[in-house]
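Open the structure in your viewer and get ready to select a few side chains. This short tour moves from one stop to the next.

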Amino acid sequence: MEKQRTGQRVVYADLLRIAAMAAVIVLHVCGNNWQGEDIHSLDWHLLNVFDSLVRWCVPVFVMLSGMFFLDPGRNVTYRSIFTKKLLRVFTAYVFWSVLYAAFTALLAWRGGTPETPLQIWLDVVYGHYHLWFLYMIMGLYLFSPILRRFISAASRRDLEYFLVLYFIFTLLMPAFHGVPGLQVLGNVSYRLDIQALGGYVGYFVAGYYFSHYELKPRTVRIFYVLGLLGLACTMGLTVLSSLEWQAPNEKWYQYFTPNVGLMSFAIFLFFKNKVTGKHLGQRGLRLCRQVAEYSFGIYLVHAFFNNRLVSLGLDAVTFTPLVAVPLATVLVFLASYLAIWLLAKIPWFRKYCM
């Protein structure tokens, strides 16, 4: 299938990036209340539905990065990795981490429990809850020269072998750890200790593989079915494990689970094969391109507006989550986009902080 492009950009990747960013906001809006609600309440079950629907967001962001960054056709050198990619992510991390740490310290001071200088310093070093993603991306960039060598020399079958191993030993078998009767699988996976298959590297490679190779229509349909099965398992197993704990249990929300992995692969393939953006027209595509270009900045600032919305009394259960979650998501997304659109007019900010 020929890739749908606008200029030098891949349309489905832009639209998928926007969808993933909206999904991240849904996840964090639900996260404001998911842990504190009674697991027997309707609100908690509705939050579980919303949360389960968007658990693909982070793996898909990683897949989008791998789709472009691992492409052997791109001129990527050690110098460009350190002076462009890593520098940009690092400066963005420092700027936003300091900003969020200062904001947290201000709230603590106004609340009568001021933080110590050490606490503030640790807030900067470890970052706000959503800035972990920047650490992870920097780790993938550091490892990417080796991955790019592998990609450039690997055949399609080599990549498929790698991804099958990743799915089995990173996503599937560890999920059975602690499950009566099946925990031996998790223990075997742990003892094999194939650390090269750990972390997000598999999603990184999967993004390149799914974007650069065409799958048979029947195979794609199988991925769609497995993705829907993954969604059903995410919802159902979260309910079952939470009832067993008598408290919210997010084991099946984790990104390194087979259910979330299958959802992520299915979503990526759906956008690649079905979402062309033709109905948007040229003006709509230009707007989508700009929103996609600003998605990194939107990610960085959205936690601030999510927090402010809660402080103003609007969270996922202010009224029924069926209304509150979409409403809060739209408000946070629009406020974040507007803020980044304005800040992007500052050249140094655009270059180093978003």
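Start with cysteine 57. This is a predicted model, and in it cysteine 57 is buried, at 0% relative accessibility. Show the sulfur atoms next. The closest cysteine sulfur to that of cysteine 57 belongs to cysteine 30, 11 Å away, which is too far for a bond. How many disulfides does the structure hold? The count is zero. Now jump to cysteine 353. With 3% relative accessibility, cysteine 353 is buried too.

Turn to the rings. The structure has 31 aromatic pairs. Select tyrosine 166 and tyrosine 203, one of these pairs. Their arrangement is edge-to-face, with 75° between the planes and 5.8 Å from centre to centre. Tyrosine 166 is part of helix α7 (residues 156–172), while tyrosine 203 is part of helix α9 (residues 201–212), so the pair ties together parts 37 residues apart in sequence.

For the last stop, select tryptophan 341 and lysine 345. Look for the charged end of lysine 345: it sits over the ring of tryptophan 341, 4.2 Å from the ring's centre.

Technical notes. Residues numbered from 1 in each chain as written. Predicted model: local features only at pLDDT ≥ 70, side-chain atom pairs only at ≥ 80, totals over all residues. Heavy atoms only, no water. Phe/Tyr/Trp six-rings, centres within 6.5 Å; stacked < 30°, edge-to-face > 60°. Helix = DSSP H or I, 4+ residues; strand = E, 2+ residues; numbered from the N terminus. Lys NZ or Arg CZ within 6 Å of the ring centre and 35° of its normal. Disulfide = S-S within 2.5 Å. Buried < 20%, exposed > 50% of the residue type's maximum accessible area, 1.4 Å probe, protein only.
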